[in-house]
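Me: Could you walk me through how to read strand pairing in a model like the one below?

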Amino acid sequence: MRSQEHLLIVGNGMAGHRLLAALLKHEHRPRRISVIGDECAPAYNRILLSPWLAGETEREALTLRDANWYAEQGVELMLGERAHDIDRERRRVTTGSGREIGYDRLVLATGSRPAMPDVAGIGLAGVQGFRDLDDAAALTRASRTGRRAVVIGGGLLGLEAAEGLRKRSQGKRGMRVCVLQRGERLMNRQLDATAAGLLRQELERRGLTIMTGARLAGCEDDGRGRVCAVRLEDGRRLPADCVVVAAGIVPNAELGRRAGLETARGIVVDAWLTTSDPMSHALGECCEFEGRTYGLVEPIWRQVEVLAARLCGASGDGYRERPNATKLKVSGISLYAFGPIEPDAGHEVLTYHDPQHGDYRRLLLRDNRIIGAILYGDTAFGPWYFEQSLAGRDLGACRQALLFGAGDAKPLLEEAA
């Protein structure tokens with residue numbers, strides 16, 4: 001019986017912790033649960049790393065559960081242990097310290113790491129990602145001593161790191177922060193040109209330098225093994241005491257690959273998050289399903305529900321891809337987006353723009369049905385638009401009021417019903 005099994009979860013990040021919390025609520029939870037985490041701190045909310053870097057919240061606010069909670073739940077927690085090898089035949093995991101841990105069933109929730117560009121000098125001191133507590137602590141120290149920072153990547157994480165550095169160094173000497181974006185606009189996977197332009201104006205007003213169409217060629221050594229500048233492909237040179245790379249992620253699939261599990265970019269799983277070994281599962285940013293890997297929490301939380309039910313012997317549907325609405329908070333600027341970014345010939349485009357208040361809304365419609373939306377500034381109507389999109393509802397009766405949100409649109413829909 002699965003309730004008599006020893007379950008070993010490798011990874012104590014947000015996905016692994018969410019799975020653990022779901023299992024503990026189930027009456028048929030595995031008899032014994034052990035958790036390995038390679039960081040020394042118990043699970044914490046990585047989403048709050050940016051506010052912590054910016055000095056907007058305290059370190060304690062990041063902790064999801066302290067070590068005592070695990071003990072109270074009867075869960076064996078092993079921190080500061082990195083799983084190094086899996087013996088699938090003997091069902092044992094060996095850690096970097098040589099410790100062997102047996103299991104009946106295994107879950108890999110090893111997360112991801114920053115995608116580091118293959119350029120000269122990327123391994124110099126002072127060049128780092130922004131993924132964990134150590135990264136945030138290092139950037140906090142850099143904000144006290146450094147004068148110039150360069151952030152590689154104009155997506156959500158890069159902008160949060162840049163604004164966090166700027167805010168943390170305010171009132172001191174003040175760190176000059178430059179963001180390099182390869183594309184022609186910020187957050188090009190979520191925003192159209194207008195919304196990206198509004199975002200850029202606001203961030204530049206706050207003191208950030210934004211450079212689009214900027215491609216990194218390499219990082220320069222100061223002669224002591226530390227970065228002192230970055231070079232761009234067009235020949236420009238930017239002095240830098242600190243370089244933050246936030247240009248995508250790579251699934252941590254090496255543990256599964258060494259164990260002989262099927263891997264591609266991530267550890268390949270089926271609809272029940274089972275790997276090519278029926279006694280092993282993978283979850284979150286380390287896994288790959290139908291050619292897709294993950295970086296947003298919403299699909300990962302759905303994976304957790306499926307896997308928790310599976311591990312407790314409950315019946316239920318497997319994991320399926322669904323549209324996701326992206327809610328983004330960039331340094332106090334609200335964004336909400338779903339669906340296509342660029343309209344095609346079959347789309348009708350509805351736009352509302354209030355420059356005075358910094359609000360922008362753009363809806364893409366086809367046959368009076370919402371296909372996509374971008375909201376910048378006031379995002380209160382976003383969830384209602386997404387709900388209508390998922391339902392495929394014909395909104396022709398309220399088309400003239402759609403841009404003004406549910407309050408104006410609903411009466412017209414009810415009247416036409």
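Reply: Strands themselves are DSSP runs (E, at least two residues), numbered from the N terminus. Here, β13 (residues 216-221) and β14 (residues 227-232) pair in the antiparallel sense over five bridges. For instance, G218 has R231 in β14 as its bridge partner.

Me: Before I go on, what sort of model is this, and how are residues numbered?

Reply: It's a predicted model, where local features need pLDDT of at least 70, side-chain atom pairs count only at pLDDT 80 or more, and totals for chains, interfaces and linings use all residues. Residues are numbered from 1 along each chain as its sequence is written, and side-chain values use heavy atoms, with hydrogens and water left out.

Me: Which residue in the hairpin of β13 and β14 takes a positive phi?

Reply: That's G223, with phi near 95°; the hairpin has five residues between the strands.

Me: How many bridges join β14 to β15?

Reply: Three, and the two strands run antiparallel, with β15 covering residues 237-239. V230 stands opposite L238 in β15. Four residues lie between the strands in this hairpin, and G235 takes a positive phi near 100°.

Me: What sheet do the three strands form?

Reply: An open one, ordered β13-β14-β15, with antiparallel pairing. β13 and β15 stand at the edges with a single partner strand each, so one side of each has no neighbour in the sheet.

Note on methods:
Pairing = 2+ DSSP bridges.
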